[in-house]
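Colleague: I have the structure open and would like to go through it with you. Could you take my questions as they come?

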Amino acid sequence: MVAAPGDNPDPIGAAAARQLADFARTLRDNGFRIGLGETRDALAILASPAATRTSSLKPALRSLLCATHSDWEKFDEIFEAFWRGRGMRRAQTLGGTAESAASRRRIADAGTSRAPSGLPDHVRRLEDNGDAAGGRGRREGASSAENIVAADLRHITDPDDIARANALAARLARSMRARLVRREQVRRRGRRLDLRRTIHRNVSHGGTPIDLAWRRRKIKPLRLVVLLDASGSMNLYTAFFVRFLHGVVDAFREAEAFVFHTRLAHVSASLRDRDVTRAVDRLGLMAQGIGGGTRIGDSLATFNRWHARRLINSRTAVMIVSDGYDTGEPERLGAEMRRLRQRCRRIIWLNPLIGWRDYSPQARGMRAALPYVDLFAPAHNLESLAALEPYLARI
Amino acid sequence: MTLTREAISDRLSATGYIADRDIATALWLMEFLKRPLLLEGEAGVGKTEVAKALAAVHEAELIRLQCYEGLDQHAALYEWNYQRQLLAIKTREGTGENADAIEEHIFSERYLLERPLLAAIRRQQPPVLLIDEVDRADEEFEAFLLELLSDFQVSIPELGTIRAVSIPRVLLTSNGTRELSDALRRRCLYHYVDFPDVDREARIILARLPGIDTGLAVQIARMVAAVRKEDLRKVPGVAETLDWAATLAGLQVHDLREEPEAVHETMICLIKTHEDRARLTREVTERLLGKVA
């Protein structure tokens, strides 16, 4: 018999234990969920014969500390970097690749300043674009809620207004859910007799069925998957939509959120952070993105390949928030959209640019994707988002 | 008795399971830490085979629970044999026995139907419990499973608490049709089963089809690896490879390059949808063959 793991911590030194704790922290920084139990078992592994060789130590720790396929894929790289080079101490970005010192500083900044750091400075951009981009929303500084609702999201800068916009976003997300739930209860008819349970219940009556057991169809709630474009061309809107995502993930029992620019990142876990500011800061960081354009087609391909089967069922609505400026091949985007369409119930494409005057979907990517979109709607202000609600409730 | 990692590895190959390098470590770790092991991977990579091999390694019984949507405790854990209970009540009706005695009698072990989970914890020798495709079961069932896996005891209201006689070795598999809960993931060790590499797949073919030519087995493995890289909806699994290899062997093919026609015709063993079939045209087959040779 081998002693229960954890009973016998003495064979490994305190230094090794400290290193292991460091390693666990590095993994946590990379999105691994590691608790005390795992750390304790990891110590037990270090004290076991498996620790004598890397060829057995690495797979052992990997089995213990990984919980998902994405963990599994990242693990080797992190392990090598930590134990061999000890270089990549705080890697944390899209997909877990190393990131620059500059963005690490941004983490620090985001943590200390309570100001909504993710929001862009709109002023310069607005002047660049001139009035053509202004549309309906030149109402900065307006303080009534109604005005905020109508103001183009790019133009909301006052911290109070931002807070109000965020509250609205969260409320909107919740009200979408409320509608959906109510609708589901109206549908709860069509009951059937549960014969087995009826007999069981009536055994005490000598088998005479007095007390009947019914079975009702369990209707599962609608699931919402949101894919948010966080590329440079969207950056005036990203910060707001990140808040919206937080509201959605918080309010729906089954919601998943992804952010993409050149790659796709699953961000639901980060969004489940109760502390809105922290969650948004963390995401804002991811969402700031890297130059190099948007690869909507590739991101969708990743989604279809790795996430769609797990996350999408016949009751899933997929919401894509993007301006449709794709630097990849439009054919690719079209093909991936077709695949996605086959799997899910509805595809909703929100495009902030629709709110701009004279906009028509000219971007090649947008045109390739449109045939597969069930609802193509503007999303440049809160009013336009609120207009979506009845549609979502009808799905 | 706990086997060492090397012993597990040796026994795995002795049972005829062609293991990838790390699975032996994962199986050893299961023993060492007494945790269940969650196997994930695409359909057809051989997750269920791992459980069979593990049972063979420990010379233990394999108890399998196949999950599906709507699976509940009655199908997974235990159920009363209602028909026999009713019969027992009827036969005792005239005897004047008092109600308590009848009740005690009909809710006894004799009328209990063991389902896989209960069976697994009541064996003298620890069995291997395979909970297959756990992602198909509902979330409620997953929560129940989690409780069972941490306490290894169940309570049956009419009988009381039943504690595990022996702790089974638990393997869970998931195809990823639903996201599993964090709690379940954290409770388990994790191993991602990938498609075998060319060398391993060739060895699997040789092990399963002893009559086949070694050169052909390697060619088939390479070809399948190339097909998997194509953009297909249903990627062929190991079972498909074996079907295809058996077909080719049956057709007396000795070298894929010499019989591109037969290769193309028999590819239906690997391809499961119309769309994929349309994608793998004759030209594509030839291009792939060119790479393989």
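Colleague: How many residues does the contact take from chain B and from chain A?

Modeller: In this predicted model, the contact takes 26 residues from chain B and 28 residues from chain A.

Colleague: Which elements of chain B each supply at least two residues of the side that touches chain A?

Modeller: They are α2 (21-33), α5 (82-92), α9 (182-187) and β9 (189-192) of chain B.

Colleague: And where does the largest share of that side come from?

Modeller: The largest share comes from α2(B), with six residues.

Colleague: Let us turn to the chains themselves. How many helices and strands are there in chain B?

Modeller: Chain B has 15 helices and nine strands. Of its 293 residues, 36% are buried. Among its contacts with a separation of 6 or more, 77% are between residues 24 or more positions apart.

Colleague: What are the corresponding values for chain A, starting with helices and strands?

Modeller: Chain A comes to 16 helices and eight strands. It has 395 residues, and 38% of them count as buried. For contacts between residues at least 6 apart in sequence, 71% join residues at least 24 apart.

Colleague: Now helix α1 of chain A, please. How many residues does it have, and how far does it reach?

Modeller: Helix α1 of chain A covers residues 14-29, which is 16 residues. From the first C-alpha to the last it reaches 23 Å, close to the 22 Å expected at 1.5 Å a residue.

Colleague: Which residues of α1(A) are buried?

Modeller: A:Phe23, A:Thr26 and A:Leu27 are buried in α1(A). They cover an arc of only 100 degrees around the axis, so they lie on the same side of α1(A).

Colleague: Why do residues three or four places apart point the same way in an α-helix?

Modeller: Because an α-helix has 3.6 residues a turn.

Colleague: And on the other side of α1(A), which residues are exposed?

Modeller: A:Ala14 and A:Arg18 are exposed there. Just after α1(A) comes A:Gly31, with a positive phi of about 90 degrees.

Colleague: Next, helix packing. At what angle do α11 and α15 of chain B pack?

Modeller: Helix α11 (residues 214-229) and helix α15 (residues 282-292) of chain B pack at about 130 degrees, and their axes are 9 Å apart. Angles of 65 to 115 degrees count as roughly perpendicular and those over 145 as roughly antiparallel, and α11(B) and α15(B) are therefore oblique to each other. The crossing of α11(B) past α15(B) is right-handed.

Colleague: Which residues meet there?

Modeller: From α11(B), B:Gln219, B:Arg222, B:Met223, B:Ala226 and B:Val227 meet B:Leu288, B:Lys291 and B:Val292 of α15(B).

Colleague: What about α13 and α14 of chain A: is their crossing left-handed or right-handed?

Modeller: α13(A) passes α14(A) in a left-handed crossing. The axes of α13 (residues 296-311) and α14 (residues 330-343) of chain A come within 8 Å and cross at roughly 30 degrees. Among the residues of α13(A) that meet α14(A) are A:Leu300, A:Ala301 and A:Asn304. The α14(A) residues in this contact include A:Leu333, A:Met337 and A:Leu340.

Colleague: One last residue. Where does B:Lys272 lie?

Modeller: B:Lys272 is in the loop between α13 (260-266) and α14 (274-279) of chain B. Because it has 17 C-beta neighbours inside 10 Å, B:Lys272 counts as partly exposed.

Colleague: By what distance are the C-alpha atoms of B:Lys272 and B:Pro236 separated?

Modeller: They are separated by 8.1 Å, and the two residues are 36 residues apart along the chain.

Technical notes
Residues are numbered from 1 along each chain as its sequence is written. Chains are lettered from A and ligands numbered from 1 in the order in which they are written. This is a predicted model: local features need pLDDT of at least 70, side-chain atom pairs count only at pLDDT 80 or more; totals for chains, interfaces and linings use all residues. Helices (H or I, at least four residues) and strands (E, at least two) are DSSP runs, numbered from the N terminus. The expected span of a helix is 1.5 Å times one less than its number of residues. A residue is buried if 20 or more other C-beta atoms lie within 10 Å of its own, exposed if 12 or fewer, and partly exposed in between; C-beta atoms are placed from the backbone. The arc is that of the directions from the helix axis to the C-beta atoms. Axes are lines fitted to C-alpha atoms, for helices over the stretch in contact, and angles run from 0 to 180 degrees between N-to-C directions. Angles under 35 degrees count as roughly parallel, over 145 as roughly antiparallel, 65 to 115 as roughly perpendicular and the rest as oblique. A crossing is left-handed if the near helix is turned anticlockwise from the far one by less than a right angle, and right-handed if clockwise. Two residues are in contact if their C-beta atoms, placed from the backbone, lie within 7 Å.
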